[in-house]
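Got a minute to go through how the domains in this model sit against each other? Have the sequence and the structure open, and ask away.

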Amino acid sequence: MAKLEEYVPIVGQSVVDDLRLLAGKLHGKMVQHINSTPVGGGVAEILSRMVPLLKELGVDTRWDVIKGGEQFFEVTKKFHNALHGKAEEITQRDFDIFMETSRENIKGVNTCGDVVFIHDPQPIALIEKKSDKKWLWRCHIDVSAPDRRVWKFLMDFIMRYDSAVFSSPSFSQRLPIRQFLIPPSIDPLSDKNKDISQETIGAVLRKYRIPQDKPIITQISRFDRLKDPLGVIEAYVRVKKYNNCRLVLAGGSADDDPEGLQVLAEAKEKARQDKDIHILLLPQNNIEINALQRASSVIVQKSIREGFGLTVAEALWKAKPVVASNVGGIPLQIKHKYSGLLCHSIEGASFAIKQLLNSPEYARRLGENGREHIRNNFLLTRHLRDYMLLFLSLYHGDDVVYL
Amino acid sequence: MAELIRAKEPFRFYTRLHLTELTGLRATTLSQLLELIRQVPGSCIYHHTHRFLQQHQYLSPEPPNDFAYWVTEILGEDELGEKLASIDTVQYSTIRGLREAIAFTIEDYLESNTLAKLKFSREGEEFHFIKSVSFVLPTDCVAYDLNEFAGILRKITIDSIYFHIFEARLRLEKGHNDFSNWIDSVIGDKELADEISRFDPYSHTLDGLRSVLVKMIENRIAV
């Protein structure tokens with residue numbers, strides 16, 4: 001696990017000094033994170049890197065996980081989809097299952113923090129235990145157009161928190177409590193983002209039999225309809241008429257997701273006639289993802305909906321030109337024509353990819369601007385700073401706070 | 001080189017870190033934008049006219065404020081976008097004054113361009129009103145003379161320069177930036193203080209701003 005000093009060459013000494021200054025202001029406060037899983041998924045990934053750094057800064061931090069059976073997590077998966085705006089059949093029994101497990105967690109979880117920081121809807125009902133301590137609810141989901149019934153159910157809990165946190169302005173709703181914008185972040189020192197050698201990149205390409213004889217266009221994503229892999233193939237086909245290139249679609253295993261397997265099969269079928277399309281079902285191997293991103297000439301993220309879309313930040317951090325849909329948190333990461341190109345359709349995506357392939361100097365400039373934008377706004381150090389300011393905001397209500 | 005004046009009252013560098021607060025307020029048309037610009041807290045106006053300085057500090061020129069960017073890129077009202085981008089922020093010493101200038105510019109445009117009222121943003125491209133919450137902290141850096149001052153300026157966090165130049169003058173309504181105030185009232189160098197006050201910090205990146213300030217002080221020390 002990286003130490004704070006290792007971030008200095010990347011973000012500068014002053015940024016790390018500011019973190020130490022802020023941590024000192026939290027002396028005597030214990031911060032307790034609570035989520036639903038210790039491994040897997042973006043929340044656990046961020047917490048696993050953030051909690052050790054908060055401790056190194058001297059912020060008394062602990063991380064607890066709620067318990068839940070299969071039925072409970074099936075219900076919360078339905079909630080997750082419904083909050084993303086997907087049609088889901090949710091019955092009263094589902095709400096009952098959610099409350100039964102929540103009641104067990106209310107009994108079983110020791111909420112001892114001065115600041116109790118609840119992540120996502122699964123542990124949201126723990127707010128029943130609120131006393132005189134400060135409670136925060138962090139929503140990592142795109143709730144710009146939520147299923148009203150699920151949102152109303154959650155609202156009864158949300159309004160009892162001191163503050164809520166969202167990843168994008170478009171997710172914010174009119175709430176009776178304070179709400180803050182804190183986008184997620186990437187860790188520049190993690191396997192997925194750290195610098196790697198050309199030899200490593202070459203070895204990964206050889207492993208997956210991807211020749212480096214022509215420009216590579218890549219989308220790294222689960223095989224999920226919301227990531228639109230079939231749309232990416234269509235965009236590539238349009239580009240291929242004019243530019244000789246390869247397409248890599250790489251994503252994680254979809255064993256437990258029947259719809260994902262179906263999407264994967266459709267993508268393979270659509271790619272069958274073209275040996276320059278490489279569809280890779282990758283195990284969770286962050287070095288390989290890193291290598292594929294670095295080997296690419298253009299990176300695409302043509303999502304239809306997106307919680308935040310950190311693959312965009314990962315690509316920009318590698319100074320890659322990116323073509324991505326104007327959805328979710330992506331426009332926070334890409335300012336159109338300054339740090340990448342935004343699109344709304346397959347036609348728009350193919351036009352943007354062609355532009356970048358045909359204008360390498362423009363593509364290089366967008367990529368470099370993108371890297372600086374990520375350095376200033378989407379690295380773990382900024383996330384740590386925002387979280388510490390968030391904790392301090394619980395004790396100060398003004399717009400200008402002197403510490 | 002003249003002997004440097006040693007201040008009785010040193011300049012303490014502060015830094016300012018900000019947290020972004022959401023309001024849940026959004027506009028889809030110019031009329032809604034205007035109405036909300038008149039209603040929202042000053043912290044919102046401050047955020048949307050200064051955010052670019054910190055988030056895009058590596059890039060210049062940049063869309064100078066969020067209102068101009070949205071009006072141009074989302075509503076396609078280039079002329080109004082240009083007018084909003086050209087508002088000379090440095091001329092205003094209060095957020096109230098700046099808010100009035102922005103509101104007047106939109107109102108005036110709508111009066112002579114009634115079709116612009118019919119334009120609306122697509123779903124997902126609404127203008128979201130956001131606030132800046134500032135946390136101001138003292139640093140350990142203290143200067144007693146211009147030499148020490150320039151030395152600290154070279155290495156201090158960009159947030160500190162931002163606080164003393166932009167936030168102190170406009171948001172805290174001190175009239176001038178903190179550097180000019182100290183150089184004039186404590187060091188007694190009105191000429192240098194005025195030189196710093198006179199120049200437009202909005203037309204530089206933050207690192208560019210640091211270089212210009214250091215150069216001004218170095219030149220003064222060398223006299």
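**Domain contacts, chain by chain**

Author: Let's start with chain B, where domain 1 of chain B and domain 2 of chain B bury about 1,600 Å² between them, with carbon and sulfur atoms giving 57% of that area. Buried area here is the accessible area (1.4 Å probe) that two parts lose on being put together, summed over both. One caveat: this is a predicted model, so local features need pLDDT of at least 70 and side-chain atom pairs count only at pLDDT 80 or more, while totals for chains, interfaces and linings use all residues. Residues are numbered from 1 along each chain as its sequence is written, chains are lettered from A and ligands numbered from 1 in the order in which they are written, and side-chain values use heavy atoms, with hydrogens and water left out.

Reader: Which residues make up domain 1 and domain 2 of chain B?

Author: The bounds come from an automatic or database domain assignment. For chain B, that gives domain 1 as 25–130 and domain 2 as 134–222.

Reader: How many salt bridges are counted between domain 1 of chain B and domain 2 of chain B?

Author: The rule wants a side-chain nitrogen of Lys or Arg within 4 Å of a carboxyl oxygen of Asp or Glu. Polar contacts (N or O atoms within 3.5 Å, one able to donate a hydrogen and the other to accept it; residues adjacent in sequence count only if both atoms are side-chain atoms) do turn up, in 6 residue pairs across this interface, both residues at pLDDT 80 or more. For salt bridges between these two domains, the count is 0.

Reader: Which helix gives the largest share of the side of domain 1 of chain B that touches domain 2 of chain B?

Author: Helices are DSSP runs (H or I, at least four residues), numbered from the N terminus. On that side, α2 (42–55) and α5 (95–112) of chain B each supply at least two residues. The largest share, 6 residues, comes from α2(B).

Reader: Over in chain A, how far apart are the centres of domain 1 and domain 2?

Author: Domain 1 of chain A comes in two pieces, 4–185 + 379–393, and domain 2 of chain A is 198–377. Taken over C-alpha atoms, their centres are separated by 29 Å.

Reader: And which residues form a salt bridge in chain A?

Author: Between domain 1 of chain A and domain 2 of chain A, the count is 1 salt bridge. The closest N and O atoms are 3.4 Å apart, and the partners are Asp142(A) and Arg305(A).
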